[in-house]
Amino acid sequence: MNNADVTERLAFIGTHDPEGAQRLKRLLDRKDTLSAGNVYGERFTDRQFSLVFEPLLAAAFERARILEALPEQGEVISVLSAKLGMEQKRIFDHLKELVRKNLVEMAGHRERDVIFRRKRI
């Protein structure tokens with residue numbers, strides 16, 4: 001992934017989860033330090049850094065897409081899955097993390113499905 005794509009994704013994430021974007025930026029800023037090595041001579045190669053950073057960036061980007069797609073009145077996972085083209089289990093896992101981060105709340109039930117909505121701040 002090139003720098004322009006990373007910057008664009010971080011900006012998008014920052015509009016929906018500023019704290020998450022800041023954490024990713026801090027990690028990205030430490031890339032040179034990690035590449036230089038520690039006192040034991042252990043170093044991250046560019047490939048190793050990418051293996052750590054890119055999945056974190058992808059997950060944060062998907063969570064930001066979910067936040068963007070959540071209407072004010074809330075929605076169930078099956079509708080979000082159809083709207084975003086993601087598996088329901090993946091959306092559920094991301095919603096659990098968003099609830100943990102206090103960005104999303106459970107707003108009730110529609111039949112047997114939980115309605116999730118963005119937390120009102």
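Lys89 is exposed, with a relative accessible area of 55%. The model is predicted, and in it the side chain of Lys89 forms a salt bridge with Asp93, with 2.8 Å between the closest N and O atoms. Asp93 counts as partly exposed, at 31% relative accessibility. Both residues belong to helix α6, where a spacing of 4 residues separates Lys89 and Asp93 by about one helical turn.

A total of 8 salt bridges is found in the structure. One of them pairs the side chains of Arg90 and Glu62, at an N to O distance of 2.7 Å. Arg90 lies in helix α6 (residues 88-100) and Glu62 in helix α4 (residues 46-69), so this contact ties together parts that are 28 residues apart in sequence.

Which residue does Glu105 meet in a salt bridge? The partner is Arg117, and the closest N and O atoms of the pair are 2.7 Å apart. Glu105 and Arg117 are both buried.

Shared partners also occur among the salt bridges: Lys89, Asp93 and Lys96 are joined by them into one network.

## Pairing and turn of the hairpin

How do strands β1 and β2 run relative to each other, and how many bridges join them? The two strands run antiparallel and are joined by 6 bridges. Within this pairing, Gly108 has Ile115 of β2 as its bridge partner.

In a regular strand, side chains alternate between the two faces of the sheet.

The hairpin of β1 and β2 has 2 residues between the strands. In this hairpin Glu111 takes a positive phi, near 55°.

How values were computed:
Residues are numbered from 1 along each chain as its sequence is written. This is a predicted model: local features need pLDDT of at least 70, side-chain atom pairs count only at pLDDT 80 or more; totals for chains, interfaces and linings use all residues. Side-chain values use heavy atoms; hydrogens and water are left out. A salt bridge is a side-chain nitrogen of Lys or Arg within 4 Å of a carboxyl oxygen of Asp or Glu. Buried means under 20% relative accessible area, exposed over 50%, partly exposed in between (1.4 Å probe, protein chains only). Two strands pair if DSSP finds at least two bridges between them.
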